[in-house]
Amino acid sequence: GIASNHWHFEPRQFIAHFRMCGWLNPREFAQCIPRRNLHLKRTQFHNQIVATWAQALQRAQTWTHFVNVAMRKYSIASSKLRLLHFMAQMAEECGFFRLVKEGSGEVAPYAPYYGRGLIQLTHQNNYRVYGNFRTFPSLHPFSQAPFQVLGWNPNTLIATTNQQYNAYNCADSAAFYWICRDITATQTNTLVTSDNGSTLSVAINCSRATNGNVPQQNINGLATRLQAYTFGKYVLLDHVVTVGTEQIQFDWRRNSSREPLFDANGQPLLKPNGQQKQGYVLRTHTINVLLEAQRP
């Protein structure tokens with residue numbers, strides 16, 4: 001209804017179009033790292049500091065480029081919903097972008113194939129699948145202990161310590177692992193699971209798939225994953241903060257430490273050697289996720 005020389009982009013459509021870009025800059029990345037969250041210690045949740053703005057920005061400046069490249073390579077950046085679920089899983093796996101090596105991994109029963117990367121690649125088969133995809137195995141005999149069977153060295157190609165690592169491969173292995181996790185016979189990877197919506201139940205399914213499809217009480221850091229997801233909605237999906245918290249309810253372990261297990265009749269569950277089994281007991285938790293914005 002106006003002359004062509006006055007034609008312009010409709011402002012809302014202009015913004016909507018450019019918001020389709022899935023590339024985060026360091027300040028946007030830093031905003032996804034909360035200032036505080038709640039951590040389960042024994043049977044109680046405690047408020048803890050995650051990162052100041054300066055710390056969040058420093059971590060973002062270290063990782064933004066490599067994570068963006070990985071998310072584009074594996075189609076995670078094609079939607080903000082995928083990006084949200086992926087960032088929430090990485091947040092727990094790498095201690096909000098502080099860690100790329102599993103603590104005390106050298107003494108783990110699955111060593112030397114302990115966790116490495118932003119989503120910690122663990123166990124020999126997962127290393128083999130990723131190495132085959134990246135064509136890491138050498139064409140020549142590989143004799144470097146203790147990775148002779150694997151054929152390449154995860155210490156040098158992913159991470160030796162939390163200070164000595166290959167940043168590209170730490171991010172790339174995380175994205176590759178995430179899209180290759182099975183969750184059901186019909187949903188072949190966590191990427192597909194993340195497309196199912198922004199409800200808490202979808203975030204729980206993504207957490208289960210990322211952490212090896214274990215029973216829900218055995219999902220490592222489930223509370224952290226769900227808080228990172230809930231906090232991230234207000235950054236990446238433009239949810240509007242009206243109050244300082246959002247209440248979520250979920251089933252997880254009752255105690256942060258393993259405890260003696262009993263059957264439905266209250267009788268101890270025993271191992272073949274007669275010792276009582278230890279494990280995690282499922283309990284419903286209700287917590288208020290802290291939504292204090294991460295900003296200078």
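A cavity is a set of grid points where a 1.4 Å probe fits but cannot get out. In this predicted model, the count comes to 2 cavities of 30 Å³ or more. The largest pocket holds about 1,200 Å³ of space, and the largest cavity about 70 Å³. The points below treat these spaces, a nonpolar surface patch and the cysteines in turn.

**Enclosed space**

- Lining the largest cavity are Cys32, Ile33, Leu84, Met87, Ala88, Ala91, Phe96, Phe97, Ala228, Gly232 and Leu236.
- Two or more residues of that lining come from each of the elements H4 and H10.
- H4 provides the largest share of the lining of the largest cavity, with 4 residues.

**Largest pocket**

- The lining of the largest pocket comprises 43 residues.
- Nearest the centre of this pocket lie Glu92, Asn211, Asn220, Gly221 and Arg225.
- At least two lining residues are supplied by each of strand S1 (36-41), strand S2 (44-49) and strand S3 (245-253).
- Helix H4 (80-93) and helix H10 (222-236) likewise each supply at least two residues of the lining of the largest pocket.
- S1 gives the most to the lining of the largest pocket, namely 4 residues.

**Nonpolar surface patch**

- A nonpolar patch on the surface is formed by Trp7, Phe9, Phe14, Ile15 and Phe18.
- Together, the residues of this patch have about 640 Å² of accessible area.
- Phe9, one of the patch residues, is found in the segment before helix H1 (11-18).
- The relative accessible area of Phe9 is 56%, and Phe9 is classed as exposed because this value is over 50%.

**Cysteines**

- The model has 0 disulfides, a disulfide being a pair of cysteine sulfur atoms within 2.5 Å.
- Cys180 is in no disulfide, and the nearest cysteine sulfur, that of Cys206, is 15 Å away.
- Cys206 is likewise in no disulfide, the nearest cysteine sulfur being that of Cys180 at 15 Å.
- Cys180 is partly exposed, with a relative accessible area of 36%.
- Cys206 has 0% relative accessibility and therefore counts as buried, the cut-off for that class being under 20%.

Key: Residues are numbered from 1 along each chain as its sequence is written. This is a predicted model: local features need pLDDT of at least 70, side-chain atom pairs count only at pLDDT 80 or more; totals for chains, interfaces and linings use all residues. Side-chain values use heavy atoms; hydrogens and water are left out. Buried means under 20% relative accessible area, exposed over 50%, partly exposed in between (1.4 Å probe, protein chains only). Patches are made of residues with over 30% relative accessible area and no salt bridge: like charges are joined within 9 Å, nonpolar side chains (Val, Leu, Ile, Met, Phe, Trp, Tyr) within 5 Å. Accessible areas come from the Shrake-Rupley method with a 1.4 Å probe; for residues, only the protein chains shown count as cover. A salt bridge is a side-chain nitrogen of Lys or Arg within 4 Å of a carboxyl oxygen of Asp or Glu. On a 1 Å grid over the protein atoms alone, a cavity is a set of points where a 1.4 Å probe fits but cannot get out, and a pocket is an open set with protein on both sides within 12 Å along at least five of seven lines; lining residues have an atom within 4 Å of a point. Grid points are joined across faces, edges and corners, and a volume is the space filled by probe spheres set on the points.
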